[in-house]
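I opened this entry to keep a record of what I looked up in one structure.

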Amino acid sequence: EDEEDKDPILVEDHSSPVGYKVPNFPDFPIDPIYYGGKGLSCCSLRAEIMFGLVVGIGVGAFVVSTGLYDYLEDFHDYVSESV
């Protein structure tokens with residue numbers, strides 16, 4: 001027999017939501033209400049989403065702009081002129 005047949009990665013389990021379980025992992029329940037994130041207590045979900053969008057667009061714009069413009073060249077020029 002193959003080594004895979006002796007120690008399968010997935011075992012069929014009809015009580016699982018996906019129909020399979022991993023036999024090598026411990027089987028303990030996770031309460032989604034207890035571990036579910038409610039977000040930050042200081043602001044609303046809409047504010048968190050807006051902040052995430054602004055940060056994501058800002059980081060994306062910075063990454064694209066670094067491909068179009070060499071920021072380090074200006075920094076090196078500034079340092080060499082000031083010394």
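**Overall layout**

I first followed the chain along its sequence and noted the pattern α-β-β-α-α-α, in a model that is predicted. Counting the elements, I recorded 4 helices and 2 strands in the chain. I then looked up burial, and of the 83 residues of the chain, 5% count as buried. For the surface as a whole, I wrote down that the chain exposes about 8,100 Å², and that carbon and sulfur atoms supply 63% of this area.

**The nonpolar patch**

Next I asked myself which residues make the nonpolar surface patch. I found Phe 51, Val 55, Val 59, Phe 62, Val 63, Val 64, Leu 68, Tyr 69 and Tyr 71, which together form a patch of about 940 Å². Helix H3, covering residues 45-68, contributes the largest share of the patch, with 7 residues.

**The largest pocket**

I then turned to the largest pocket, which holds about 210 Å³ of space. Its lining is made by Ser 16, Pro 17, Lys 21, Val 22, Pro 23, Phe 25, Pro 26, Asp 27 and Phe 28. Sorting these lining residues by type, I noted 6 nonpolar, 1 polar and 2 charged.

**Ile 9**

My last entry concerns Ile 9, which I located in the loop between helix H1 (3-6) and strand E1 (11-12). Ile 9 has a relative accessible area of 68%, so I listed Ile 9 as exposed.

Technical notes
Residues are numbered from 1 along each chain as its sequence is written. This is a predicted model: local features need pLDDT of at least 70, side-chain atom pairs count only at pLDDT 80 or more; totals for chains, interfaces and linings use all residues. Side-chain values use heavy atoms; hydrogens and water are left out. Patches are made of residues with over 30% relative accessible area and no salt bridge: like charges are joined within 9 Å, nonpolar side chains (Val, Leu, Ile, Met, Phe, Trp, Tyr) within 5 Å. Accessible areas come from the Shrake-Rupley method with a 1.4 Å probe; for residues, only the protein chains shown count as cover. A salt bridge is a side-chain nitrogen of Lys or Arg within 4 Å of a carboxyl oxygen of Asp or Glu. Buried means under 20% relative accessible area, exposed over 50%, partly exposed in between (1.4 Å probe, protein chains only). On a 1 Å grid over the protein atoms alone, a cavity is a set of points where a 1.4 Å probe fits but cannot get out, and a pocket is an open set with protein on both sides within 12 Å along at least five of seven lines; lining residues have an atom within 4 Å of a point. Grid points are joined across faces, edges and corners, and a volume is the space filled by probe spheres set on the points. Ala, Val, Leu, Ile, Met, Phe, Trp, Tyr, Cys and Pro count as nonpolar, Asp, Glu, Lys and Arg as charged, and the others, Gly among them, as polar.
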